[in-house]
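I wanted to go through the helices and the surface one by one and jot down what turned up.

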Amino acid sequence: MNTWIAIGATAVGCYAVKLIGLLVPAHAMERPYVRRLAALLPVALLAALTAQQTFADGHVLMLDARAAGLGAAAVALVLRAPFLLVVAAAVLVTAGVRAIGG
């Protein structure tokens, strides 16, 4: 039963956040600070999610094939490679490290 309570609370919370977002006056969103925050917040959340999925296994820090793939993607990004090449580099390096037993 606790699972359904958590699901219901999450649904109500998500609805409340959406409703609060719709109730914010338009002039509040015109401020430069708010615009910059709104532009950077999704990037920060995505970076945090990527780091958590790559380096964490429960409460333990892990460095495995996923970290090598993320490193390869970072190198490809620094070299200004196209997006599909970045993804391909990450996939190939991750698969290669897993194939050699890392």
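This is a predicted model: local features need pLDDT of at least 70, side-chain atom pairs count only at pLDDT 80 or more; totals for chains, interfaces and linings use all residues.

**Entry: H1.** I began with helix H1, which runs over residues 2-23 and has 22 residues. From first C-alpha to last I got a reach of 31 Å, close to the 32 Å expected at 1.5 Å a residue. Then I looked for buried residues in H1 and the number was zero, so H1 lies largely in the open.

Entry: Next I checked the surface for nonpolar patches. I found one of about 460 Å², made by Tyr 33, Leu 37, Leu 41 and Leu 45. I picked out Leu 37, which sits in helix H2 (residues 32-55). Is Leu 37 buried, exposed or partly exposed? Its relative accessibility is 43%, so I put it down as partly exposed.

**Entry: H4.** Helix H4 covers residues 83-99, and its 17 residues should span 24 Å at 1.5 Å a residue. I got 24 Å between its end C-alpha atoms, which agrees. Which residues of H4 are buried? I listed Val 86, Ala 90 and Thr 94. They cover an arc of only 60° around the axis, so they are on the same side of H4. I then asked what they pack against, and it is helix H3 (65-78). On the face turned away from the buried side of H4 I noted the exposed residues Leu 84, Val 91, Leu 92 and Ala 99.

**Entry: after H4.** Last, I looked past the helix end. Gly 101 follows H4, and its phi is positive, near 95°.

Conventions: Residues are numbered from 1 along each chain as its sequence is written. Side-chain values use heavy atoms; hydrogens and water are left out. Patches are made of residues with over 30% relative accessible area and no salt bridge: like charges are joined within 9 Å, nonpolar side chains (Val, Leu, Ile, Met, Phe, Trp, Tyr) within 5 Å. Accessible areas come from the Shrake-Rupley method with a 1.4 Å probe; for residues, only the protein chains shown count as cover. A salt bridge is a side-chain nitrogen of Lys or Arg within 4 Å of a carboxyl oxygen of Asp or Glu. Helices (H or I, at least four residues) and strands (E, at least two) are DSSP runs, numbered from the N terminus. Buried means under 20% relative accessible area, exposed over 50%, partly exposed in between (1.4 Å probe, protein chains only). The expected span of a helix is 1.5 Å times one less than its number of residues. The arc is that of the directions from the helix axis to the C-beta atoms. Contact means heavy atoms within 4.5 Å.
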